[in-house]
Amino acid sequence: MKPVFLTLLLLCASLSCAQTRLEDGGHEIQLWTGGGHSASGGVSNTGVWNAGVRYGWILSRPHGPGFLEGRFEYAVDAVPLFLVFQPSNTAVGAGINPLNLRWNFATRGNVVPYFELSGGTLFTNHEVPPGTSSVNFTSGVALGAHFLRDRCNWSLELRYMHISNAGLGSLNPGINTIQVRLGLGKIYSRSRGSKP
């Protein structure tokens with residue numbers, strides 16, 4: 001597990017070119033990791049840690065009124081490692097999040113705040129929570145910011161994630177978590193030959 005993570009980290013660290021900027025037609029590649037603990041409204045005494053890779057498409061130019069002006073981004077996450085620390089066991093899993101809708105607020109500086117809605121699936125080796133299902137669905141909302149740098153950009157976010165089996169089993173108590181996520185990535189501008 002460590003060699004794969006280190007390889008991915010070195011790959012991302014090797015990405016380099018001019019100052020990164022969010023622009024329409026651009027693409028985002030990011031490695032991320034996050035973790036947190038259960039919140040009220042679901043099963044308690046549960047912790048989570050996950051790591052993944054994201055590919056995103058910046059689909060729009062800045063639009064919207066006043067301080068809400070921003071760009072729309074759609075992204076897909078592959079989550080090869082998802083740990084759920086339950087009182088009875090630690091479930092190891094993987095997932096995919098095919099629905100990540102992000103609004104990147106338009107700013108002129110190197111800090112770009114964003115708001116995100118997401119959804120996906122999670123497959124684990126143990127039932128999550130115990131007595132329910134090893135196939136679950138995830139939905140979430142996040143507030144965060146990109147910190148744009150010359151070579152790579154960082155992102156930091158606070159994420160609320162709900163994990164449940166959506167009624168696949170007779171029990172569906174769900175797990176609500178509050179997570180902190182850190183990402184390291186690169187935003188590529190559209191190709192030079194494309195029209196403005």
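How do the residues of the lining of the largest cavity divide into nonpolar, polar and charged?

1. In this predicted model, the lining of the largest cavity is made up of five nonpolar residues, five polar residues and one charged residue. The residues concerned are Trp-32, Asn-50, Val-79, Phe-82, Gly-95, Asn-97, Thr-121, Leu-122, Thr-138, Met-161 and Arg-181, and Gly is counted among the polar ones.

2. As for the elements behind this lining, those that give two or more residues to the largest cavity are strand S3, spanning 70–85, strand S4, spanning 90–105, and strand S5, spanning 111–124.

3. Turning to the second largest cavity, a reader may find its lining at Asn-97, Ser-118, Thr-138, Ser-139, Gly-140, Arg-159 and Met-161.

4. At least two residues of the lining of the second largest cavity come from strand S6 (135–147), and at least two from strand S7 (153–164); S6 gives the most, with three residues.

5. By residue class, the lining of the second largest cavity comprises one nonpolar residue, five polar residues and one charged residue.

Note on methods
Residues are numbered from 1 along each chain as its sequence is written. This is a predicted model: local features need pLDDT of at least 70, side-chain atom pairs count only at pLDDT 80 or more; totals for chains, interfaces and linings use all residues. Side-chain values use heavy atoms; hydrogens and water are left out. On a 1 Å grid over the protein atoms alone, a cavity is a set of points where a 1.4 Å probe fits but cannot get out, and a pocket is an open set with protein on both sides within 12 Å along at least five of seven lines; lining residues have an atom within 4 Å of a point. Helices (H or I, at least four residues) and strands (E, at least two) are DSSP runs, numbered from the N terminus.
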